[in-house]
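Welcome, and thanks for taking a look.

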Amino acid sequence: KQLRVALMGLGSYATRVAEAMKDCKMATLTGAISGTPSKLDTWKQKYNIPEKNTYNYDTVSKIKDNPDIDLVYITTPNSLHYKHVLQIAAAGKHVLCEKPVADNAKQTREMIAACKKAGVKFYIGYRMHFEPHTRELIRMRESGELGKIMHVNNYMGFKSGDPNQWRLKKALAGGGAMMDVGIYALNGARYATGEEPIWVTAQETKNDPVKFKEVDETIMFQLGFPSGVVASCGTTYAFNNYERLYVVGEKGFVELSPAFSYGPIKGRTHLGPMNQPVITHQTLQMDGIADIILNNKPDPNVSGEEGLKDMIVVDAVYESIRKGGAKIMLAG
Ligand code: NAD
């Protein structure tokens, strides 16, 4: 048996997922949802999707009556995730939603509650949790091979292009670099330590206040953990070559760079270079999600609750910036 997946929002990431799913063993693409009829025509042909499994945003609630779709993967712009997750949950289908899960923690709590009420599973597209170098980092930390974790230094960013894209519009993106890729540095700090932050400080700078009039461009943020570890993190839309995860313990370290993009992920530890297999992340993710759902397995920290934990920190990052860098305490 395979998990039958429909993609919602047929943009560039959805295309990447559809291509990667050609190599999946446990997941298969059976449906598509788009507001653009010509895209649906292309997808029907390219990915062998039957007409009866295609929907637009007005007809999507009818997916409820379609026995050939188990899960909807939401790859629409960030600020639409909230509405779309509620719609799909109400239609009784499992949901996989891209990062960032929503605009804030409040929306995320409602999304989790809606999925629970509908009896459907809710996962976030945190693909790094299926990636072999990242899995090895987590294994080394959990096994104690790194010793007591002392420090984390993560960053992720890139130079943003087209000034007219939705990513620079607050109403569709929710925020800027922090929401889009800062979330990798933040999520990475949580899996590098295995802890939840208890305080947050953050500082924002803007090289181009005109282009980034609506959303954040460059943010440095610090996360304090109960053990005393401080993660020093950064994110930007202003420059390239900014991507690394570094966790150092009393007995060893892991450095991944690149750490979060599509790969190949490269890594080294105190023992030497890492040589984990290089496999397309989205193939691993979709087979992984299928295995979790079909075989009732525990998920590797990609649930809606994990999305909520990140959004609580994102809210605190923005709150700290609004308050001039104030230390924001989180419920421990
Ligand atoms: P994109 O612009 O290429 O695609 C977005 C799609 O949503 C388009 O097909 C667009 O037509 C559609 N859409 C539906 N309603 C829309 C509206 N009201 N306004 C604008 N577009 C609308 O963007 P993308 O790069 O594919 O990103 C989509 C989502 O995937 C984002 O949430 C992003 O954060 C996430 N993403 C995740 C990864 C990852 O590695 N996990 C990588 C890229 C993007």
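## Where the domains meet

Contact here means heavy atoms within 4.5 Å; by that count, 22 residues of domain 1 touch 29 residues of domain 2. This is a predicted model, in which local features need pLDDT of at least 70 and side-chain atom pairs count only at pLDDT 80 or more, while totals for chains, interfaces and linings use all residues. Residues are numbered from 1 along each chain as its sequence is written, and side-chain values use heavy atoms, with hydrogens and water left out.

Domain 1 covers 3-127, and domain 2 is made of 128-276 + 302-329; these bounds come from an automatic or database domain assignment. Taken over C-alpha atoms, the two centres lie 26 Å apart.

The size of an interface is often given as the accessible area lost when the parts come together. Between domain 1 and domain 2 the buried area is about 2200 Å², with carbon and sulfur atoms giving 60% of it; that is the accessible area (1.4 Å probe) that two parts lose on being put together, summed over both. On the domain 1 side, Lys 99, Tyr 126 and Arg 127 lose the most area to domain 2, together 37% of what that side buries.

Two salt bridges link domain 1 and domain 2, each a side-chain nitrogen of Lys or Arg within 4 Å of a carboxyl oxygen of Asp or Glu. Glu 305 forms a salt bridge with Lys 116, with the closest N and O atoms 3.9 Å apart.

Helices (H or I, at least four residues) and strands (E, at least two) are DSSP runs, numbered from the N terminus.

Most residues other than glycine have a negative phi, and most peptide bonds are trans. Some exceptions to look for are these:

| Peptide bond | Form | Omega |
|---|---|---|
| Ser 257 to Pro 258 | cis | near 0 degrees |
| Gly 263 to Pro 264 | cis | about 5 degrees |

Pro 258 is in the loop between β12 (253-256) and β13 (267-269), and Pro 264 lies in the loop between β12 and β13. Asn 296 is not a glycine, yet has a positive phi of about 55 degrees; Asn 296 sits in the loop between α8 (281-294) and α9.
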